[in-house]
Amino acid sequence: MEPETRTLSAAVREHLRQLCLHEFPCGTGSWNKSRFLPQTSRAWRKLIPREERALSPGEETVEDLLGLVRSAHSPWALVEGSSAEDLFLKELAIQNPLMLKDSFFYTYFRSLRVVDKDVSLVDKELLKFVKLKELVLSANQIKEIDTTNLPPTLKVLELYGNKITSMRCLCRHPPPQLQHLGLGHNKLLGPLESLYVTSDHWPNLVSLDLSFNNLTDLQSMVAGLQTLPHLRLLLLQGNPLALVPHYRGLTIDSLARLCVLDDITVSSSEKHLFRGLSHSEDLLAPEAQLLVTVGNLRGVLDSSVLDPEPGPQGPFITYNYYVTYDFVEDEEGEGSQHGGVLAEIIKPPSMEQLDEDILEEIIEDIEESLESGLASLSESGELEESIVSGASEPLPRSIDSAEELAKLRPLLDPQLCPTPGTVLFSTVPKPWSDVIPCNYEMQHTLKDLVPLKAFLLSGTVVTVVEEKILSWPVEQPSSADSPLAAKKGKAEKDKKEKEKDKKDKKGKDKAGKGEKEPPKAQKGSKKQKELPKELHQDLPVLRVLGSSPVVLEPLLAGEPFVSTVCNFGVIRTLEADRLTLNRDAKKNKKGKKEKIKSLVSVYESDYQPEPLTVEIQIQLIQWRSTEEALRGLVM
C-alpha cells in the first residue's frame, strides 16, 4: 500500500490552522472588539485599530495579549522549536488581525520553511508566493520536484534529508536566480550526476551542498563544477568520493575560485601546496586508504594460574591473547604484510564445518586404534578369537583426558563472526603479560567506495580473544617384537657394552696415575623435567574477554582519524592476581621479598584492578600536498 501523497500547500494550510491565528488571544472577539471598525467599511485606513481611551469590560490591552503568546509559562505560548515566522504571525494576529488574508500571505512572505511535515509533492499552489526568495523543505519525503512549480524569484532552495536520487528533475526548468542549492543527506548516486552541476543549469550558483550522498566519481564531478563561474562554497564530505587521498587537493587545485570546502576556508598556502595536482589526475586511482593501528592491551586476566599442574600425559595448556576487528574486505589481497606485522584474517568456519572437522578427527582416532589393535592381535595369535567374540581395543586416550577434551571442545562464538560484507582481522596472538604490546599496523586499500561508506556509518567491533590450546603427548606405536627391531636392539646393546668396557679400562688407568674420577650423580638427584618431544594440539578454545563497538562516522565528516581506548570493564580477580604475583615472586628469587611485600600491600590497600582496555586508531589517509601525492603514487 503506497503512502498517501501530501502536498506542500496542504502542509502550509495545516500549519496555519495549528497556529490558531483567529482564536484567543489572536484575531477579533470580545477581548478586543472595541478596537476595530465595522467590517462593512472598505477604506484601507479604517482597517487600522482605533486608539481606545478606555476599554470595555472584559477586554484586554494589546500588551497583555502579546504577553500571553510571548511568555513561556502561558498556555497560549508557542510550542518549543517554533520558528521566528510563527511568532511574527501570532503577534500580527493580535495587533492587526484583519490583515491576515490569503492575499497578505502570498505577497508578504519572502521565506517559507516547511520542515519534517511528510511533504512528498510540491504542487503549483507554491507559485502564488510571488515574492518568495527562500524555500526550505528539509526532512520530508520528496523524491522528485517539478521545477515548473517553483517561483522564478527563488534564490535559496534547501532539500536536505529527502529521498531525491538524481538532480535531473531539478534541471528541467531550474529557477534562474538560484544562488544556493542544498541537497545534503539525500540518495544521489551515479556518475551522471556530474552532468547536472554545470553552468547551463545554474549560471548564478554561489553555494552548493551535496554532502552525505553516494557520489563516487570525483574527477567527473570536479569537471562539471569547473563550469560554475560564481561558485565559492562547496560541500562534498560524506560522499564516497571524499574518501580518496587526493580528494581535497584535487578539488582545491581544480576550482581556483573556491573559498570554502567542507566548512573549512581554503587558504592561499593550501592552494600553493596542491598546485599542479590537477595535471596528474589521470594517475590518481579512485581508491581509499585506511590505516588501522592497535596499541597496548592491558588488564588481561592470567588464566594459566587457575589451571592445575599438568601430569606426564598432559594436557599441556598454553594461552595466547589477540585483538580482532571487522573491516571491509581488501581489494588487493588479504593478509599482506604492512610495517613488518603480518595481519591475520580470521574466517571462522560454520557450525556444520566445525562438526565435520570434529567427526573426521574422531574417525581418524578410531581407525588408528583399530589398526594398532589388529596388529597386536595378529602378532599374539588372538586375531581369530577377537573376530569371533567381537572384542575390540579401547581408544588409546585415558578417560580423564577424554572428559577434559569433551569439556573444552571449541564452540563458535557469535562475537567472532564478522558482519555480512566484512572480514575479521586479528593481531598476532601473544602470551600473557601485564601490558601486551600488539604492535599492529594494517593498511586497507579499497576501490569499492560505496560499501566502505556504509561500513563507516555502521562502525566496527573490537574484540579481545583468549586462545587456549591443549597439547597431548603423541604415543609412538610399539614395535619391539618385530625382527628388525630385535636386531637393532641387539646391535645397540653390544655397542653399549663395548663403550662401558672402554670407560672401565680408562678409569683404572686414571686410578693408577692418581687421578680422581668425577663423582657420579646420586640416585636421588633432581633432573630437569623434560616435555615430550612431539605433541598433538587440539583445536584452540576461543573465549571472548570483551567486545565493544567503535564509531567511525567522524571519518565521513572530515576528521582525519578516530583514536580511542576501548574499555571492556574489569575481568581480573583478586584471587588470580594473588596467584600471579606469587608465581612471579618464585621465578625471580632476587626480588622475592619485594614481590611478597607487594602482595601484602595488595591485601592491605583497596584492591582496584586495572580494567581490560586496548588502544586502537583508524586513520583515513589524506594527502597534504602535491609532493606527498606524487610520492604516494611512486610507492
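The second largest pocket is lined by 43 residues, with V12, H15, L16, L19 and D86 nearest its centre. Here a pocket is an open set of points on a 1 Å grid over the protein atoms alone, with protein on both sides within 12 Å along at least five of seven lines, and lining residues have an atom within 4 Å of a point. Helix 1 (8-18), helix 3 (84-95), helix 4 (102-108) and strand 1 (111-113) each give two or more residues to this lining; helices (H or I, at least four residues) and strands (E, at least two) are DSSP runs, numbered from the N terminus.

The model is a predicted one, so to speak: local features need pLDDT of at least 70, side-chain atom pairs count only at pLDDT 80 or more, and totals for chains, interfaces and linings use all residues. Residues are numbered from 1 along each chain as its sequence is written, and side-chain values use heavy atoms, leaving out hydrogens and water.

Zooming out, the protein has 15 helices and 20 strands. Of its 635 residues, 38% are buried, meaning under 20% relative accessible area with a 1.4 Å probe, protein chains only.

T580 counts as buried because its relative accessibility is 6%. The T580 side chain reaches the backbone oxygen of A576 at 2.9 Å. Leaving aside residues up to four places away in sequence, T580 touches D302, V305 and W432, where a contact means heavy atoms within 4.5 Å.

Terms used. On a 1 Å grid over the protein atoms alone, a cavity is a set of points where a 1.4 Å probe fits but cannot get out, and a pocket is an open set with protein on both sides within 12 Å along at least five of seven lines; lining residues have an atom within 4 Å of a point. Buried means under 20% relative accessible area, exposed over 50%, partly exposed in between (1.4 Å probe, protein chains only). A polar contact is a pair of N or O atoms within 3.5 Å; within protein, one must be able to donate a hydrogen and the other to accept it, and residues adjacent in sequence count only if both atoms are side-chain atoms.
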